[in-house]
Amino acid sequence: MTDSVYVGNAGKDAALDRGWLLGHFQDASDPRHSEDVEIKWGVHPRGDERAQWVTGEERTALLVLISGRFRVELPGRSVLLAEQGDYVVWGRGVDHSWFAEEESVVLTVRWPSLPGYKATEAV
């Protein structure tokens with residue numbers, strides 16, 4: 001069943017779709033298509049930030065630090081991920097933003113995979 005197997009490289013594949021490797025946005029015939037979960041390989045240069053907060057979140061998210069120093073901003077709380085493997089989980093309804101204090105690689109898992117959450121490009 002080679003049609004249901006995909007072998008790739010997170011760094012290379014992530015560059016094709018703003019870091020996203022798996023989710024509803026992949027073609028339905030692609031093994032990486034999922035209505036249940038989204039996975040992102042995020043490579044962020046030092047100083048990279050999500051300037052506009054995500055509001056009205058309808059998903060649960062897990063963010064795991066692979067390398068670097070990465071800060072996640074939550075209402076009333078700032079979480080610093082500084083050691084490989086540090087992670088934070090937040091649920092539905094929790095607004096958030098982030099900032100790369102150093103060049104960082106993070107793995108994000110969100111569920112469920114919902115259409116309509118594409119970030120707008122900065123002008």
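1. A residue is called buried when its relative accessible area is under 20%, exposed when that area is over 50%, and partly exposed in between (1.4 Å probe, protein chains only). G23 is buried, because its relative accessible area is 0%. The model discussed here is predicted: local features need pLDDT of at least 70, side-chain atom pairs count only at pLDDT 80 or more, and totals for chains, interfaces and linings use all residues. Residues are numbered from 1 along each chain as its sequence is written, and side-chain values use heavy atoms, with hydrogens and water left out.

2. G23 is placed in the loop between β1 and β2; strands (E, at least two residues) and helices (H or I, at least four) are DSSP runs, numbered from the N terminus. Contact means heavy atoms within 4.5 Å. Leaving aside neighbours within four places in sequence, G23 is in contact with R32, H33, S34, V37, E38 and S113.

3. S34. Is S34 buried or exposed? S34 counts as buried, because its relative accessible area is 11%. This residue lies in the loop between β1 (20-22) and β2 (38-44). Apart from neighbours within four places in sequence, S34 is in contact with L22, G23, H24 and S113.

4. The nonpolar core. A nonpolar core is a set of buried Ala, Val, Leu, Ile, Met, Phe, Trp, Tyr and Cys residues joined through side-chain atoms within 4.5 Å. The largest one has 13 residues, of which L63, F70, V72, L74, L81, V88 and W90 touch the most other members. Two or more residues of this core come from each of β3, β4 (70-74), β5 (77-81), β6 (87-90) and β7 (97-100).

5. F70 and the aromatic pairs. Not counting residues up to four places away in sequence, F70 touches H44, L63, L65, V79, L80, L81, W98, F99, A100, S104 and V106. Rings of Phe, Tyr and Trp (its six-membered ring) pair if their centres lie within 6.5 Å; planes under 30 degrees apart count as stacked, over 60 as edge-to-face and the rest as tilted. The whole structure holds two aromatic pairs. One of them is the stacked pair of F70 and W98, with 5.4 Å from centre to centre and 25 degrees between the planes. This pair links distant parts of the chain, since F70 is in strand β4 and W98 is in strand β7, 28 residues apart. Both F70 and W98 are buried.

6. T60. Strand β3 (residues 60-67) contains T60. With a relative accessible area of 18%, T60 is buried. Residues up to four places away in sequence aside, T60 touches V89, W90, G91, R92, V109, R110 and W111.

7. W111 and the surface. W111 belongs to strand β8 (residues 104-111) and is partly exposed, because its relative accessibility is 36%. Together with Y87 and V89, W111 makes a nonpolar surface patch of about 330 Å². Patches are made of residues with over 30% relative accessible area and no salt bridge: like charges are joined within 9 Å, and nonpolar side chains (Val, Leu, Ile, Met, Phe, Trp, Tyr) within 5 Å. The accessible areas come from the Shrake-Rupley method with a 1.4 Å probe; for residues, only the protein chains shown count as cover.

8. Backbone. A cis peptide bond, with omega about -10 degrees, joins W111 and P112. P112 is in the segment after β8.

9. Salt bridges. A salt bridge is a side-chain nitrogen of Lys or Arg within 4 Å of a carboxyl oxygen of Asp or Glu. How many salt bridges does the structure hold? There are seven salt bridges in the structure. Among them, R32 pairs with D30, with the closest N and O atoms 2.7 Å apart. R59 forms a salt bridge with E38, the closest N and O atoms being 3.3 Å apart.
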